[in-house]
Amino acid sequence: MDAQVLVKSPAAWRVAPNLRDYEDARARFSWEAAERELAGLPGGRGLNIAHEAVDRHVLEGRGAKTALRWRGKRGERKDLTYAELSAATHRFAHALAGLGVHAGERVFSLLGRIPELYVTALGTLKHRAVYCPLFSAFGPEPIRARLQLGDARVLVTTSALYRKKVAPLRASLPGLTFVLLVDGGGESDTLDFHALLARASERYEIQTTSPEDMALLHFTSGTTGRPKGAIHVHRAVLAHHVTGALALDLHPEDIFWCTADPGWVTGTSYGIISPLTHGLSSVVDEADFDAERWYGLLAEERVTVWYTAPTAVRMLMKAGDALPRRFDLSALRFIASVGEPLNPEAVLWGQRALGLPIHDNWWQTETGGIMVSNYAAMDVKPGSMGRPLPGVEAAIVRRLPDGGVEEVSRPGVEGELALRPGWPSMFRGYLHEDERYRKCFASGWYLSGDLARRDADGYFWFVGRADDVIKSMGHLIGPFEVESVLLEHPAVAEAGVIGRPEPTIGEVVKAFVSLKDGFTPGEALRRELLAHARTRLGAVVAPKELDFLPTLPRTRSGKIMRRLLKARELGLPEGDTSTLEAPA
Ligand code: ATP
Ligand code: MG
């Protein structure tokens, strides 16, 4: 699948990219030099994410600039300037101090995409407490598990969410001292968020913050099993800032929209922190996905840089090519995607339907920020995740019987994607799970659990999660390649591919497919899809079996859960389904 098509980077730029020559940028890069772009706390008192994201701009005279452009579900609008965000977060930090919450204690949010979420996140960081976001769509059990594992001291939520999901289990959470309701609510044993803020002072001095102080706790998506709580520190802001500049090409004059829910790491690293450190204006949309609304938002807000995810792109593709033509998307200059492999078809669709290719990038909750990326000034090989960020050393490694690993230097050979520890946003542990953390490292590498290969030009290609790779007739088959080929067919909206154990050949490649509107499942279509895959992939790699499903099981962050397809196929227990989107 490598390099069948090359999407050349434009010859002329509307805005000169921050990274113009990859090799040169890589050779010159150092984290020490990059750190000079950050201000640090006044008086040399350390490094604090919230200071870099908010207060610095106010101190440097940019307080009147819009930080957040909020669009409510019901058509409401609210803009918050950097000065307003600074004042509100000062108040929240002050309120935490008043409650007796200490540095290092955990403050959780269980909120939709509303301004209070941003105030909570940044105010918590100012107070040097630890911020942990939860998906507002989680059910009571996943919420309880995370509040407990994360030793929650404070929870900020709404009265409706509290009543439905938290109140019934409050008794089992003795450590949860304060619940703050953003809509007052009058529930017993809770506090009124806005009343607290109103009473708190607008003046707050961030105390000395060590760059290694714990700042964020992010639970992983739970795609492969029980979610882990990844610990990040204040120094991570350096990676948020640098990756925003190099991988997302953020400039201060941009209007940026990150569509990820703040309930997972992308929504924090790139929905809150990175754009603010660049002093730009971010769009925040409270509503759920709707193709027409999204195009409308891109057009009305004149979004210039857009960061989204493969699921969303596939849903837009499903809505058709004619729809975007009804909107003025002329302000848009850069589109990026993360979260799952981005099928080549989706990259090319962007080029065709939106006039811009979609730039895939790869990272994980554990890495805290983008690690491998397609850059604005680099040719895109559709289907490739791109090249490692300057300052990040990535390699393909092979596990050895003695527990170590060795680097695989020959291009094209599959192995585990590994990173050399040392970038600022690397996780510093899994909370209360030291053994699980230690297992992520061998021979001086961080092992990502994803399989990939590197081509002769240094581009990385995702093969599949180590857990999802299929072993059939002595071959290793990555589900992504098979899914991408199925997606080329005009009838296919989504595809998930698994290995079904079979004694003689190891595993049979089996595909699950959901169809675009206007197509109906049937024997003829099944045969057509299998034949298409066989022609494109050859008999060994192509699926032998194919089932139609109305939708595929996905995590709340939009990832196809292949392990669930497999468990259901085999009639096995489904394991941890706390992050499953909705019963599918
Ligand atoms: P868990 O670790 O709990 O199973 P998860 O790995 O899905 O969940 P995240 O940290 O949210 O949790 O997701 C990171 C993973 O998502 C990566 O390890 C990779 O498998 C996948 N991923 C992210 N971006 C890409 C991409 N651009 N291409 C391919 N896969 C990607
Ligand atoms: Mg993971």
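Which residues are linked with Lys-510 in a network of salt bridges? The network joins Lys-510 with Arg-500, Glu-523, Arg-526, Arg-527, Glu-545, Asp-547 and Glu-569. A salt bridge here is a side-chain nitrogen of Lys or Arg within 4 Å of a carboxyl oxygen of Asp or Glu. In general, side chains of opposite charge can pair when their charged atoms come close.

Good morning. Before I continue, a word on the basis of this talk. This is a predicted model, in which local features need pLDDT of at least 70 and side-chain atom pairs count only at pLDDT 80 or more, while totals for chains, interfaces and linings use all residues. Residues are numbered from 1 along each chain as its sequence is written, chains are lettered from A and ligands numbered from 1 in the order in which they are written, and side-chain values use heavy atoms, with hydrogens and water left out.

Let me stay with Lys-510. This residue is placed in strand β26, residues 506-515. Helices (H or I, at least four residues) and strands (E, at least two) are DSSP runs, numbered from the N terminus. Lys-510 has a relative accessibility of 5%, and therefore counts as buried. The term buried means under 20% relative accessible area, exposed means over 50%, and partly exposed lies in between, with a 1.4 Å probe and protein chains only. The side chain of Lys-510 makes a polar contact of 3.1 Å with that of Glu-569. A polar contact is a pair of N or O atoms within 3.5 Å; within protein, one must be able to donate a hydrogen and the other to accept it, and residues adjacent in sequence count only if both atoms are side-chain atoms. Not counting residues up to four places away in sequence, Lys-510 touches Gly-496, Val-497, Ile-498, Glu-545, Asp-547 and Glu-569, where contact means heavy atoms within 4.5 Å.

I turn now to the domains. The chain is divided into domain 1 (10-454) and domain 2 (468-570), with bounds from an automatic or database domain assignment. Taken over C-alpha atoms, the centres of domain 1 and domain 2 are 31 Å apart. Each side contributes to the contact: 22 residues from domain 1 and 22 residues from domain 2.

How much area do domain 1 and domain 2 bury between them? The value is about 2,000 Å², with 59% of it on carbon and sulfur atoms. Buried area is the accessible area (1.4 Å probe) that two parts lose on being put together, summed over both. On the side of domain 1, Thr-223, Arg-314 and Lys-318 lose the most area to domain 2, together 27% of what that side buries.

Across this interface of domain 1 and domain 2, the rule finds one salt bridge. Arg-314 and Glu-494 meet through their side chains in a salt bridge, at 3.7 Å from N to O. The interface of domain 1 and domain 2 also has six residue pairs in polar contact, both residues at pLDDT 80 or more.

With 36% relative accessibility, Gln-351 counts as partly exposed. Leaving aside neighbours within four places in sequence, Gln-351 is in contact with Val-7, Leu-356 and Pro-357.

Next, salt bridges over the whole model. By this rule the count comes to 54 salt bridges. One of them joins Arg-333 and Asp-254, whose closest N and O atoms are 2.8 Å apart. Arg-333 lies in the loop between α13 (322-325) and β13 (334-337), and Asp-254 in the loop between α9 (236-246) and β10 (255-258), so the pair ties together parts that are 79 residues apart in sequence. Are Arg-333 and Asp-254 buried or exposed? Both Arg-333 and Asp-254 are buried.

Another salt bridge pairs Arg-293 with Asp-285, at 2.5 Å from N to O. Asp-285 is buried, at a relative accessible area of 3%. A further salt bridge links Glu-433 to Arg-436, with 3.3 Å between the closest N and O atoms. Here Glu-433 counts as buried at 11% relative accessibility, whereas Arg-436 is partly exposed at 26%.

Finally, consider Thr-158, in the loop between β5 (152-157) and α7 (159-166). Thr-158 is buried, with a relative accessible area of 15%. A polar atom of the Thr-158 side chain lies 3.1 Å from the backbone nitrogen of Leu-161. Beyond neighbours within four places in sequence, the contacts of Thr-158 are Leu-110, Leu-111, Leu-181, Val-182 and Asp-183.
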